[in-house]
Amino acid sequence: MDSYSKHYNTIVIGIGGMGSATVYELAKRGQRVLGLEQYDIPHDMGSSHGYTRIIRMAYYEHPSYVMLLKRAYELWNEIEQRSGEKLLHKIGSIDAGPADSWVFKGSFRSVIEHNTPHEVLSGKELNTRFPGYQLPHDTMAVYQKDGGFLVPERCTVAFANAAMAMGAEIHGRETVLGWEPVGDGVRVFTNRATYEADSLVITAGAWNSDILPLLNGLATPERQVLAWFQPERPELYQPDVFPVFNLLTDDARSYGFPIYGVPGFKIGIYHHFEEHERPEQFEWEPSVEDEELLREHTARHFPKAAGPTLTLKTCMFTNSPDKHFIIDLHPQYPQVSFGAGFSGHGYKFASVIGEIMADMAERQETRHDISLFNAARFTGQVSDLHINKLGLEPGRMTQRRVARPTQRRGGRRHFINRQMSYLERRDRLHDRRRRNASMGLYGNGYGKGHAAGQTAGSHAPQRSQRPMRRRADGIYTPSRYLDGRRDVQDRWDDDTVEPFW
Ligand SMILES: Cc1cc2nc3c(=O)[nH]c(=O)nc-3n(C[C@H](O)[C@H](O)[C@H](O)COP(=O)(O)OP(=O)(O)OC[C@H]3O[C@@H](n4cnc5c(N)ncnc54)[C@H](O)[C@@H]3O)c2cc1C
């Protein structure tokens, strides 16, 4: 391909959950758009795989999300119509926890404040109505009938297909190595070619800070593991009788799904073992410890689901420090926008994030209220998007205005250090798996002598840094729930951030 052979209105880096929706929105508006993705479309090396993602209107995280959710539902409906495929399954959602917990109180307050149809159920009522659940009777739950799940890999396919049908160009297996501003536009360098565009959208998930150094330390990848178990009573875990859930208990905050797409009841625990690593350093192959953590929680609260293991999968959260999204224009180059730090709860918004990112690429503003997501809350550098909304002190404005004119004529190149190709990365991954297998740790060796349902034995991996301990009552749990760092009933999900409700 010739260098600079093509000029685009917008280039989107990362065709995962958010990027695929963005490319679609831009193509819908008649833009000449190029989407660049380092892996396949879709793939299972990022944050948007695993067959199902929860969507719910009861939003305990913050009231600002509810208006966005309303638009997200409309846009999910639109892409469903266009693709002719069912992507959103409204089977109901449960948000449950102790009566005074932020999960229950927050969900309840959000449905009241936004007049969202709902029911409040006690643990006993919930267990009777949906017998797949076995929660303590003093649990309180918000049941919301419009909740349910999306099918993320199929959504990525639907967005990509619709975008290409409207003229978008999407390149898989092409890694962006860097970019630089050129006048009011941008130049993007990949392992295959160089492209130019009027604007750049960065939706690179766990790799965002490689491409955008200002996000260093602000969009932190975290390893997550999901398990699918074979229920003893599969009829209790079908989509028509088992709503998706967010559940806060004394051993974990978890989320789960009925049987759908692949066999088994699916469950995950927020922040799992709190393993914060670069994606290249992750142990992608799930371990016995991963399985054990998920099994013990399942056995306690969904006993009829905790049968033999069917599938284990690793995925990545990319957390912002306060777990709210970071969506903004670049403070020096407003032709560059980014969506980052979707923190384990972003997928349900992908459709509306696509609309927001397209707005920002097109006109550097959006009609949606995204003030909560401004990057300046961490960086102190306010972008054009938020400058009028945040009530800035003039000093900051001056700083920005001084910096900009010199940058406009062409500024610093932003290059990624990690210039490995897809094939190099894949080979490294396979090498590591082979090494682990030969040491009898994970990978191919995992299945040896391992009966489904068996807990960690002599071949359990030795991960000294894993913060997991056995409680007095025998429950195996991440130590954050034991050492007083965290009161699971009243705290947002790390030590520094209070819940909003
Ligand atoms: C286990 C798990 C469960 C979750 N459950 C839910 C849920 O139930 N509900 C919910 O709403 N949210 C959930 N989330 C969160 C949600 O899935 C994420 O917030 C969302 O998928 C993030 O999408 P993204 O586009 O930012 O990242 P991704 O989908 O990972 O996309 C980023 C893309 O950028 C590409 N890329 C990166 N660097 C480059 C480069 N240099 N060149 C080219 N391409 C590049 C990557 O390969 C990737 O495809 C969950 C997340 C996980 C991990």
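Me: Is the crossing of helix 1 and helix 5 left-handed or right-handed?
Reply: This model is predicted: local features need pLDDT of at least 70 and side-chain atom pairs count only at pLDDT 80 or more, while totals for chains, interfaces and linings use all residues. Residues are numbered from 1 along each chain as its sequence is written. Helices (H or I, at least four residues) and strands (E, at least two) are DSSP runs, numbered from the N terminus. A crossing is left-handed if the near helix is turned anticlockwise from the far one by less than a right angle, and right-handed if clockwise; that of helix 1 and helix 5 is left-handed.

Me: What is the orientation of helix 1 to helix 5?
Reply: Axes are lines fitted to C-alpha atoms, for helices over the stretch in contact, with angles from 0 to 180 degrees between N-to-C directions. The axes of helix 1 and helix 5 (residues 152–165) come within 8 Å and cross at roughly 25 degrees. That angle makes the pair roughly parallel, given that angles under 35 degrees count as roughly parallel, over 145 as roughly antiparallel, 65 to 115 as roughly perpendicular and the rest as oblique. Helix 1 is thus, relative to helix 5, roughly parallel.

Me: How many charged residues has the contact of helix 1 with helix 5?
Reply: Residues are in contact if their C-beta atoms, placed from the backbone, lie within 7 Å. From helix 1, G17, S20, A21, V23, Y24 and A27 meet P152, T156, F159, A160, A162 and A163 of helix 5. Ala, Val, Leu, Ile, Met, Phe, Trp, Tyr, Cys and Pro count as nonpolar, Asp, Glu, Lys and Arg as charged, and the others, Gly among them, as polar. The contact comprises 9 nonpolar and 3 polar residues, and the number of charged residues is none.

Me: What is the orientation of helix 1 to helix 8?
Reply: Their axes come within 7 Å and cross at roughly 55 degrees, helix 8 spanning residues 350–363. This angle makes helix 1, relative to helix 8, oblique.

Me: How many charged residues has the contact of helix 1 with helix 8?
Reply: Helix 1 passes helix 8 in a right-handed crossing. Helix 1 contributes G17, M18, A21, T22, Y24, E25 and L26, while helix 8 contributes A350, S351, I353, G354, E355, M357, A358 and A361. By class there are 9 nonpolar and 4 polar residues, and the number of charged residues is 2.

Me: What is the orientation of helix 2 to helix 5?
Reply: Helix 2 (residues 64–83) packs on helix 5 at an angle of about 65 degrees, the axes being 10 Å apart. Helix 2 is therefore, relative to helix 5, roughly perpendicular.

Me: Which domains does the ligand lie between?
Reply: The ligand is surrounded by 37 residues, the closest being G14, G16, G46, G205 and G346; a residue is near a molecule or strand if its C-beta atom, placed from the backbone, lies within 6 Å of it. Domain bounds come from an automatic or database domain assignment. Because both domains give residues to the shell, the ligand lies between domain 1 (7–45 + 154–219 + 323–410) and domain 2 (54–83 + 92–148 + 220–319).

Me: Which residue does a cis peptide bond join to I41?
Reply: The bond has an omega of about -5 degrees. Its second residue is placed in the loop between strand 2 (33–36) and strand 3. The residue joined to I41 is P42.

Key
Two residues are in contact if their C-beta atoms, placed from the backbone, lie within 7 Å.
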